[in-house]
Amino acid sequence: MTAGMTKPVAATGEDGRHLYTCPLCEAMCGLEIQVKGGKVAAIRGNRDDTWSRGHICPRGATLGALHEDPDRIRRPMIKVDGQWQEVSWDVAFRRCTELLAPVISEHGIGAVTCYTGNPLAHSFSLGRYTGVLLGMSGIPLSYSPGTVDQWPKNLSSHLMYGGWWSFPVPDIERTDLLVVMGANPAASQGSLLAAPDVMGIIDGIRKRGKVIVIDPVRTATAARADEWLPITPGTDAALLLAVAHTLFAENLVDLGNLALHVDGLDRLREVAADWPPERVAAATSIDSERIRELARELAATPRAVVYGRIGTCNQEFGSLASWLVDVVNILSGHFDVEGGAMFPRAAAWSVTVQPIPGLEDGAPEFGRFRTRVRGAKEVLGQVPVSCLAEEIATPGEGQIRALITVAGNPVLSTPAGHKLDEVLPTLDAMIAVDLWLNETTRHADVILPGSSPLEQPHHDDLILNFAINSIANYSAPVFARPDRDAPQEWEILIRLTGLCTGVPAEDVDVAAIDDGFFDYMAYTKGLDGAEIRNLYKLGGPERILDFTLRTGPFGDQYGKYPDGVTLEKLKANPNGINFGPMIPQVPDVLGTSDGKIRLAPQYLLDDLPRLAARLERPADELVLVSRRHLRSNNSWLHNVGPLMKGKDRCTLLMHDDDAKRREVQTGDLVTVTSSGGHIDVPVEVTDAIMPGVVSMPHGWGHGKEGTRMAVANGSPGVNTNVLSPPTFIDEPSGNGALNGIPVTVNPVRT
């Protein structure tokens, strides 16, 4: 265990040196923030941080601009005759009651739904209290970006390990061969992989070993790798099956100490026998001998790992690809061992990762209900987020008539979000918990703003479950919130929860619901919440953090282990505490009823005929894939001036050969058309993408009337999700397929 050294740190609201953990991505970099005259004067990496050791990216350096953004909402707003008015919190909560109570009274709570955005994963309050809104409000079905991001990974982990958030992550600090599939950590800084300075670590791997990137685009990560293998979008699962075939055929399978904890090896051998490299080479665009050599490299390297991320998830075979990444790591002996794929051990556990009632043992009991309009099946409590628009638009029993959004912008971030944009004005009530008047919240009746990131404490909740080290790093707020009487975000969520159960928002007993939630968390650990609550003067997320730290793997267990960690001890170590790298955890981490890894879940095997049919499908003229950029983060950082400098990033990447055939060149405007719609966008000709593939970034499409985002509206771009057909999904998980969309591209002739 390592703890940081202590240097003078200014108190909240004072000028001087502040230490803060960046909340903008999974790298969780420690920052040193200098405040002068009540404003951020400088931000740099904190060299004493026990996790990030001084690393910082362009996003973290702009937290001051984010905090001081003049467009950020600082007071509650209600819409009166189509115009926004700032009001007091009492008035805002009364308006929430006036809007939502009649809907529930007439149509029931089933007419209300909620959309929760991905900033929740990084928010101190929202990350710990969204479960109150989703679990205690009675809202039967909620929507999230999970079904356009990582739901295949939740599904495969649930089926294999009995834990829907039990994600193995690559132990990149100790590996010698890293195979990256569908991920670009040079832009994302890590995704479902929390590590400081990922690219620095990757450079270290290259010095002692090898890095291979498998991706249709030569990303910034691929450009720094030893080898780039272009692959046809959507065929990752076929490639991995051929690798598994080779491992079996050449007697390279070695489970090591994992053998006693694996079920289904013989069944998987039977399945893989039908997928030799020759069968998949043409479809994947990777030579059969290179596929065999990849399998041999993995088997021959003592410390190696395959890492698959968003490109392997949001495609039409996302569940198969996510499952097979883990399968190949297991078969090649690189699972639950140093340098391979390992299960992280978070210092503070998260309520989010708890098993779903009724599905604790990994049973594939999906489709417990289906959506009213499309008949889409439920998977792990979620349905495709693209169903939301039609559930609002279609009259009849069960029609959605009221929506609560929490830190989300689904108009820009979900498939066919433009359709959602069209129907949101038809709602009887819409309440948004958000900091900006964006493309989605402009349709709200009430906007309830929370704190800026620098006005609240920070200690990651869910993200620590993806970290390559077990860390704990509490940050005190840098600034005090100007409105001292304003409720915190967790209190806002509790009031909305109470409102959904029939209590006027302004009359909700916040402390009582908070205590009930705390008692539930204590119950999950076999403890008496009422008894433990006597130890605390105040409730809220700090009480929850102290509880999850103390009952976590390094905690003091409320005095049982006096040297264990508590929130008080963590606050005394402002540079954080690092409890070390991952350790083998199988079988302890498994939640399956038999305590074994299910290597060949039948639910996923049933999807193989669909993949087999894909191999026979004629090639499309062009297919579209998404991409990320280091100076962006979905849609919500496009209003930060320093991040928007430089050339236009909302462009269509196209290979030279494809551009020549269409007589277009860099800067020309082209029309991109899919079965979902069409957009006009400038083209960027490059050799950093394979022929037959084009690429667009997501999160753009600003400039809509009624928004208040001056910087973003100055460079609006276009919304690539217009091209995403709502029904183009990964069928086992319901995740949207945002990669591999068939498109045509034609020049716009003036």
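Which residue's side chain meets that of Glu289 in a salt bridge? The close-up views below start with this pair and come from a predicted model.

**View 1. Glu289 pairs with Arg296.** The side chains of Glu289 and Arg296 form a salt bridge. The N to O distance is 2.8 Å. Glu289 is partly exposed, with a relative accessible area of 40%. Arg296 also counts as partly exposed, at 27%.

**View 2. Lys210 meets Glu297 in a salt bridge.** Here the N to O distance is 2.9 Å. The pair links distant parts of the chain. Lys210 lies in strand 11, residues 210-214. Glu297 lies in helix 11, residues 288-300. Is Glu297 buried or exposed? Glu297 has a relative accessible area of 14%, so this residue is buried. Lys210 has a relative accessible area of 25%, and is partly exposed.

**View 3. Asp607 forms a salt bridge with Arg610.** The closest N and O atoms are 2.8 Å apart. Asp607 is buried. Its relative accessible area is 6%, and buried means under 20%.

**View 4. Five residues are joined into one network.** Which residues belong to this network? They are Asp514, Asp515, Asp519, Arg533 and Arg543.

**View 5. The whole structure holds 45 salt bridges.** This count comes from a search of the whole structure. Among the salt bridges is the pair Lys210 and Glu297.

Terms used. Residues are numbered from 1 along each chain as its sequence is written. This is a predicted model: local features need pLDDT of at least 70, side-chain atom pairs count only at pLDDT 80 or more; totals for chains, interfaces and linings use all residues. Side-chain values use heavy atoms; hydrogens and water are left out. A salt bridge is a side-chain nitrogen of Lys or Arg within 4 Å of a carboxyl oxygen of Asp or Glu. Helices (H or I, at least four residues) and strands (E, at least two) are DSSP runs, numbered from the N terminus. Buried means under 20% relative accessible area, exposed over 50%, partly exposed in between (1.4 Å probe, protein chains only).
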